[in-house]
Amino acid sequence: MSATWPASLWQRFALSFDADRPGVATGPAFTINASLRVEGDFDPGLLVAATRDLVARHDLLRSRLDREAVVQVVEASAAADVDVLDDPAEVAVPHRPVSSDAVTPLAVRVARRSPREHVLSAHLHHLMGDPATLWRLLDDLGALYTARCGGPEPDAPTGQYGEYAAFEAELENAGRAENEAWWNRQLDKVPLAAPPASTRGDRYAKRRPVLAPEELADLEARARALRGSPFAALMAVLAEGMAEHTVGGDRVAFCTLFLRRDHPRWRTMAGPVITPAYLVIPFDAPSDVRGLAASMGAAQRFSRYPVWTLERMAGEKGAYVPFVELIPQLRPVAIPFGPARAFVEHAAGQPDDGRAKNLGLRFRKTTDGSLTTHLSGDGVGWTEPAVDAVLDGLAARVPALGRAPLPAR
């Protein structure tokens, strides 16, 4: 017996990627991945049983997205996708495909490296999860394994993802008129800047450093002193740096994602509680980080709306709106598995398939305190040299946060 729930805003936004790039969001490479080193006494057979318990615990892991009806279909039961393998190198691969039509969107693999060390990997289809979801599921898997070893049973999750999607749909419908009016005011006929239309280059995808630990610490300290947020400070210096490579306006638009665990029921629930939104940022934003943070807070407040349908409202340059996000550092230090402990060795999103659209910048604070980004682009407008020049100059712009803007050129 199956049940249906609405598709969430995140899922509908992701499905829109397939409109001009079939399979980008629905293909098996659209995954979130992690591999862990498990140290101590560990029984792979108990892991298999604990993974079955995990699938029974979370409706999300018995769900698939019906793309024609645009609903989530939840089965009453589903077999866990978990394998005990002989080759640890096969388990530790950075990515593993997971079909979006599989009976469960989570694949788990484990292999022994030595008598007291195993490697465990988990791969979650991105339509059903984000990094926060994967870490939540791994925490729960460890707790369920510990319970199988005689430890306490973990508390039940505070909610199920289908319930969240229904709650989100109610808010979306109730606030549709207000949200639409707010986004119309933000985007309609706004003079946005963009790189010259004649600018062309090759496609690119890479990871690169952006700020050294002391530079990122300085940005975070200045953001606090200015009563803003690190994300607002980062976006301010990014927009200011982009001004030198654009024409046509005094602000630039970005697409981003917001975490929306804004109700106690969703705090320990597994599922991507994220909403897409646009940010319209003036080039002089470094002079008012607090005001920019407030503006970004408003965008978050009105983000329970299908904003991707408004992309053309950004004007003729709408095709140049980059995607940017600051991925929160939620990676656990260690996950107990009974008497054993698991430590994250590697984490990765989906691999690049050479079909990037426009420009994507995914910033992440690393374990050593530096800021890196995974950037990708189609070379149209935002070419690789232009983006590298912007990122190379961010550190020099941080000390100017909070100062009055320079006179207009």
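## Helix packing, strands and core: worked exercises

Helix 8 and helix 9 are roughly perpendicular to each other. The model is a predicted one.

**Exercise 1.** Explain why helix 8 and helix 9 count as roughly perpendicular.

*Solution.* Start with the location. Helix 8 covers residues 230-242, and helix 9 covers residues 289-301. Next, take the geometry. Their axes come within 9 Å and cross at roughly 110°. Then apply the cut-off. Angles of 65 to 115 degrees count as roughly perpendicular, so the pair falls in that class.

**Exercise 2.** Find which residues of helix 8 and helix 9 meet, and classify them.

*Solution.* From helix 8, take F231, A232, A233, M235 and A236. From helix 9, take V289, L292, A293 and M296. Now sort the contact residues: nine are nonpolar, none polar and none charged.

**Exercise 3.** Trace the strand pairings of strand 14.

*Solution.* Begin with strand 11 (residues 323-327). It pairs with strand 14 (residues 359-365) in the parallel sense, over five bridges. V324 stands opposite L361 here. Turn to strand 15 (residues 371-377). Its pairing with strand 14 is antiparallel, over seven bridges. R362 stands opposite H374 in this pair. Finish at the turn. Five residues separate strands 14 and 15 in a hairpin, and G369 in the turn has a positive phi of about 90°.

**Exercise 4.** Describe the largest nonpolar core and the contacts of F337.

*Solution.* Count first: the core has 112 residues. L138, W183, L238, F337 and L361 have the most contacts inside it. Helix 8 gives the largest share, 10 residues. Then list contacts. Beyond four places in sequence, F337 touches residues including F42, L47, L120, L138 and Y145.

Methods:
Residues numbered from 1 in each chain as written. Predicted model: local features only at pLDDT ≥ 70, side-chain atom pairs only at ≥ 80, totals over all residues. Heavy atoms only, no water. Pairing = 2+ DSSP bridges. Helix = DSSP H or I, 4+ residues; strand = E, 2+ residues; numbered from the N terminus. Core = buried A, V, L, I, M, F, W, Y, C linked by side-chain atoms within 4.5 Å. Buried < 20%, exposed > 50% of the residue type's maximum accessible area, 1.4 Å probe, protein only. Contact = heavy atoms within 4.5 Å. Axes fitted to C-alpha atoms, helices over the stretch in contact; angles between N-to-C directions. Parallel < 35°, antiparallel > 145°, perpendicular 65-115°, else oblique. Nonpolar A, V, L, I, M, F, W, Y, C, P; charged D, E, K, R; others polar.
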